[in-house]
Amino acid sequence: IKHADAHLLCYQVKLSKGLCAAGAPANAGMACAKEDDCGGTKGQTSFCVLQPKFQALTGIFVNNQLDAGPLDTLKEDEFCVPSEENGAS
């Protein structure tokens, strides 16, 4: 937990090399490393497509319980979700 004071549980982000196309027979929209992950056949189908590279965005507006205002995305780094400490040891 990197941001314990803000009650966030954060995970390091690592993009997959590819994504199964929307029309793939298996795992549509999910990560893939090879064609058969998407239900296809190497050399015959092309359901596992390279994921596009990250593009920085500026001026995204957020409004939530943590803050409100514009922010910029610079790179994929971490994904955080709200959490609470349950007191269990």
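Student: Is Asp-37 buried, exposed or partly exposed?

Tutor: Asp-37 is partly exposed, because its relative accessible area is 24%. Buried would need a value under 20%, and exposed a value over 50%. Keep in mind that this is a predicted model.

Student: Which residue forms a salt bridge with Asp-37?

Tutor: General idea to start. Side chains of opposite charge can pair when their charged atoms come close. Now the case here. The partner of Asp-37 is Lys-34, and their closest N and O atoms are 3.6 Å apart. The cut-off for a salt bridge is 4 Å, so a pair at this distance counts. Lys-34 has a relative accessible area of 48%, so Lys-34 is partly exposed.

Student: How many salt bridges are there?

Tutor: The count comes to one.

Student: What elements does the chain have?

Tutor: Seven strands and zero helices. Read from the N terminus, the order is β-β-β-β-β-β-β.

Student: What share of the residues counts as buried?

Tutor: The chain has 89 residues, and 11% of them count as buried. Cys-38 is buried, because its relative accessible area is 0%.

Student: Where does Cys-38 lie?

Tutor: Look in the loop between S3 and strand S4 (48-50). Now find Ala-22, which is 16 residues from Cys-38 along the chain. The C-alpha atoms of Cys-38 and Ala-22 are separated by 9.9 Å.

Student: Now pockets. How much space lies in the largest pocket?

Tutor: Rolling a probe the size of a water molecule over the atoms shows where empty space is left. Here the largest pocket holds about 580 Å³ of space. Its lining has 23 residues, and the closest to the pocket centre are Val-62, Leu-71, Asp-72, Thr-73 and Glu-78.

Student: Which strand gives the most to that lining?

Tutor: S6 gives the most, with six residues. Strand S6 (68-73) and strand S7 (78-82) each supply at least two residues of the lining.

Student: How do the lining residues divide into nonpolar, polar and charged?

Tutor: There are 12 nonpolar, five polar and six charged residues in the lining of the largest pocket.

Student: Asp-72 is among the residues closest to the pocket centre. How far is its C-alpha atom from that of Thr-58?

Tutor: The two C-alpha atoms are separated by 4.3 Å, although Thr-58 and Asp-72 are 14 residues apart along the chain. Thr-58 lies in strand S5. Thr-58 is exposed, because its relative accessible area is 66%.

Student: One last feature, the surface. Which residues make a nonpolar surface patch?

Tutor: Leu-57, Ile-60 and Leu-71 make a patch of about 220 Å². Ile-60 belongs to strand S5 (residues 57-63).

Student: Why does Ile-60 count as partly exposed?

Tutor: Because its relative accessibility is 31%. A patch residue needs over 30% relative accessible area, so Ile-60 passes that cut-off.

Definitions and conventions: Residues are numbered from 1 along each chain as its sequence is written. This is a predicted model: local features need pLDDT of at least 70, side-chain atom pairs count only at pLDDT 80 or more; totals for chains, interfaces and linings use all residues. Side-chain values use heavy atoms; hydrogens and water are left out. On a 1 Å grid over the protein atoms alone, a cavity is a set of points where a 1.4 Å probe fits but cannot get out, and a pocket is an open set with protein on both sides within 12 Å along at least five of seven lines; lining residues have an atom within 4 Å of a point. Grid points are joined across faces, edges and corners, and a volume is the space filled by probe spheres set on the points. Helices (H or I, at least four residues) and strands (E, at least two) are DSSP runs, numbered from the N terminus. Ala, Val, Leu, Ile, Met, Phe, Trp, Tyr, Cys and Pro count as nonpolar, Asp, Glu, Lys and Arg as charged, and the others, Gly among them, as polar. Patches are made of residues with over 30% relative accessible area and no salt bridge: like charges are joined within 9 Å, nonpolar side chains (Val, Leu, Ile, Met, Phe, Trp, Tyr) within 5 Å. Accessible areas come from the Shrake-Rupley method with a 1.4 Å probe; for residues, only the protein chains shown count as cover. A salt bridge is a side-chain nitrogen of Lys or Arg within 4 Å of a carboxyl oxygen of Asp or Glu. Buried means under 20% relative accessible area, exposed over 50%, partly exposed in between (1.4 Å probe, protein chains only).
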